[in-house]
Amino acid sequence: MDRSRVKDLLAAEAPRDAVLVQGWVRTKRDAKGFSFIEINDGSTVKGVQVIADASLPNYDTEIHHLRTGAAVEVTGELVASRGGGQSFEIVAKSVLVHGNAGEDFPLQKKGHSLEFLRSIAHLRPRANLFGCVFRVRSRLAYAIHRFFQERGFVHVHTPIITASDCEGAGEMFRVTTLDGAALAAGKDAEDFFGKPTYLTVSGQLEGETFACALSNIYTFGPTFRAENSNTSRHAAEFWMIEPEMAFCDLEGDMDLAETMIKHLVADALENCADDLEFFGRFVDKELRARLEFVRDRPFERVSYTEAVEILRASGRPFEFPVEYGHNLQSEHERYLTEERFQCPVTVYNYPKEIKPFYMRQNDDDKTVAAMDLLVPGIGEIVGGSQREERLDRLAGNLARHGLGEAEYGWYLDLRRHGSVPHAGFGLGFERLLMFVTGVANIRDVIPFPRVPGWAEF
RNA sequence: UCGCCCGUGGGGUAACAGUAGCCCACCGGAUUGUUAAUCCGCGAAGCCUUGGUGCGAAUCCAAGCGGGCGAGCCA
């Protein structure tokens, strides 16, 4: 007999003589002469109700002792439910107990704190919330590939071990086979690669090389930052999507970012309805309305200079003063996106002093063609720019940032041979997930999060 | 890294410096087509670590370890 997914059984339109379900017991309620067993197999947040009669041969020995968390396999008849909570249920002909759960199974039939669930990351996928989160994570990863593939973008696997540091996008994890003494003695030439290497903090520079050949490309892979960041929206290991487009300026870059966010939100609304409904009930009551708003309404777009003026004119007593030439603080970003505009906002053309060397200088000589896409509740979800394609300017920027031209020779080469205007951005996958699910901590949208002081499992 | 807050059975919480209580889970019993089932049970299970103050510390002080929130860095 073929296995049926719980999701399909719950959507059934007619009874069926024989079905097989395999899954884990969420709860068991004993009645006189039989038991109700709710089984979840991860296909959806809901479970299917099984009626296990006391006449089953293993009722007294096994079924009666089933606890939350047990793994079972049930065959039986799918019938219209006599109870209220569901349209169909299974009357069991057999209940095979693969493995009961211990008396100390930590997940209860109630809401647990997210902190506790993090400490049992190996079991939390069986909690409703995490089932929902990781189904959405899977769906959005798929939707991202579809989004780009359907638009002719080529998926490029940029290296995870790298010797270039992408201009200090963050502190890097050293990758080495040297022992502590050799490392301390600086014997880099004896290291595995003959020089210091690190885990990537961005695939952008390598991505540019492929954009300057295949036109439109994207990367989607793990990224590592050794920053000692202890916040709800930073992790040491996270996934990033980095599209790069040749023959594209900042305008096109911002258009793509906005189109992509809208597309992904729409995809989740359409394909993860049950999971989003769960988040709406237990995480954020306003979630669905906000996602529909993001899908349907245009984003705001303001220059950095305009943003500064808006913040100044707000009369808000910000903790950090609003000053041209300074980075926008979290409180400033929050004001723009949560209060002033109440929708996602793209801020563009930042002062060149606060942005990296590879961003294209604007004609005003003061700003670079950078953009950040800010969303309510999270802040920056996308950061990108048009890249400096003029050799002399780029070389000058490298020098000004104190970066060796030799190390970036291959990057400068792109400007020597067939240089084109090009642009791209980075999207934090986990931040997107936080935005779509309403989950407030990045540690709860990563299967096994890595943050300072925590690399368990 | 900085600031604020918090560490009590397996989970969630309460207790003025003087007998550690409640809810959930677990165990045992009863009821019931149940829905995070209900009822009964003097059934089992606990004060982060170290040091200090006090006759007496879960409670006050200090340090350490762990956690949460906010900030910085960013995605």
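This is a predicted model: local features need pLDDT of at least 70, side-chain atom pairs count only at pLDDT 80 or more; totals for chains, interfaces and linings use all residues.
The protein surrounds RNA strand B with 52 residues, of which the closest are Gln-108, Lys-109, Lys-110, His-234 and Arg-431. By class, this surface holds 23 polar, 18 charged and 11 nonpolar residues. On the RNA side, sugar or phosphate accounts for 48% of the atoms within 4 Å of the protein, and bases supply the rest.

Individual side chains illustrate both kinds of approach. At a base, Ser-229 places a polar side-chain atom 2.6 Å from an oxygen of RNA strand B. Several elements give two or more residues to the surface near the RNA: strand 1 (16-31), strand 3 (48-53), helix 2 (114-119), strand 11 (237-246), helix 10 (330-340), strand 15 (379-387) and strand 16 (422-428). Among these elements, strand 1 gives the most, with four residues.

Strand 1 also contains Val-21. Is Val-21 buried or exposed? Its relative accessibility is 0%, and Val-21 therefore counts as buried, the limit being under 20%. Leaving aside residues up to four places away in sequence, Val-21 touches Ser-4, Leu-9, Ile-39, Val-72, Glu-73, Val-74 and Ile-90. The C-alpha atom of Val-21 is separated by 9.8 Å from that of Val-50, a residue 29 places away along the chain.

The description now turns to the packing of helices. Helix 8 (residues 287-296) and helix 13 (residues 429-437) have axes that come within 8 Å and cross at roughly 120°. Because of this angle, helix 8 is oblique to helix 13. From helix 8, Leu-287, Arg-290, Leu-291 and Val-294 meet Phe-435, Val-436 and Thr-437 of helix 13. The residues of this contact comprise five nonpolar, one polar and one charged.

Helix 7 (residues 273-282) has as its buried residues Asp-275, Leu-276, Phe-278, Phe-279 and Gly-280. These buried residues pack against helix 8 and helix 13, and also against helix 3 (128-150) and helix 6 (250-271).

Helix 6 includes His-263. With a relative accessibility of 26%, His-263 counts as partly exposed. Its contacts, not counting residues up to four places away in sequence, are with Ala-143, Phe-147 and Arg-151. The C-alpha atoms of His-263 and Glu-77 are separated by 41 Å, and the two residues are 186 places apart along the chain.

The segment after helix 13 contains Asp-444. Which side chain makes a polar contact with the side chain of Asp-444? The partner is Arg-124, at 3.2 Å. Asp-444 has a relative accessible area of 0%, so this charged residue is buried. Beyond residues up to four places away in sequence, Asp-444 touches Leu-114, Arg-118, Arg-124, Phe-130, Val-133, Phe-134 and Val-439.

Most residues other than glycine have a negative phi. Ser-215 is not a glycine, yet has a positive phi of about 75°. Ser-215 lies in the loop between helix 5 (204-214) and strand 10 (216-224). With a relative accessible area of 32%, Ser-215 is partly exposed.

Asp-365 likewise has a positive phi, of about 70°, although it is not a glycine. Asp-365 is found in the loop between strand 13 (345-351) and strand 14 (367-375). Asp-365 has a relative accessibility of 44% and counts as partly exposed.

Notes
Residues are numbered from 1 along each chain as its sequence is written. Chains are lettered from A and ligands numbered from 1 in the order in which they are written. Side-chain values use heavy atoms; hydrogens and water are left out. A residue is near a molecule or strand if one of its heavy atoms lies within 4 Å of it. A polar contact is a pair of N or O atoms within 3.5 Å; within protein, one must be able to donate a hydrogen and the other to accept it, and residues adjacent in sequence count only if both atoms are side-chain atoms. Axes are lines fitted to C-alpha atoms, for helices over the stretch in contact, and angles run from 0 to 180 degrees between N-to-C directions. Angles under 35 degrees count as roughly parallel, over 145 as roughly antiparallel, 65 to 115 as roughly perpendicular and the rest as oblique. Contact means heavy atoms within 4.5 Å. Buried means under 20% relative accessible area, exposed over 50%, partly exposed in between (1.4 Å probe, protein chains only).
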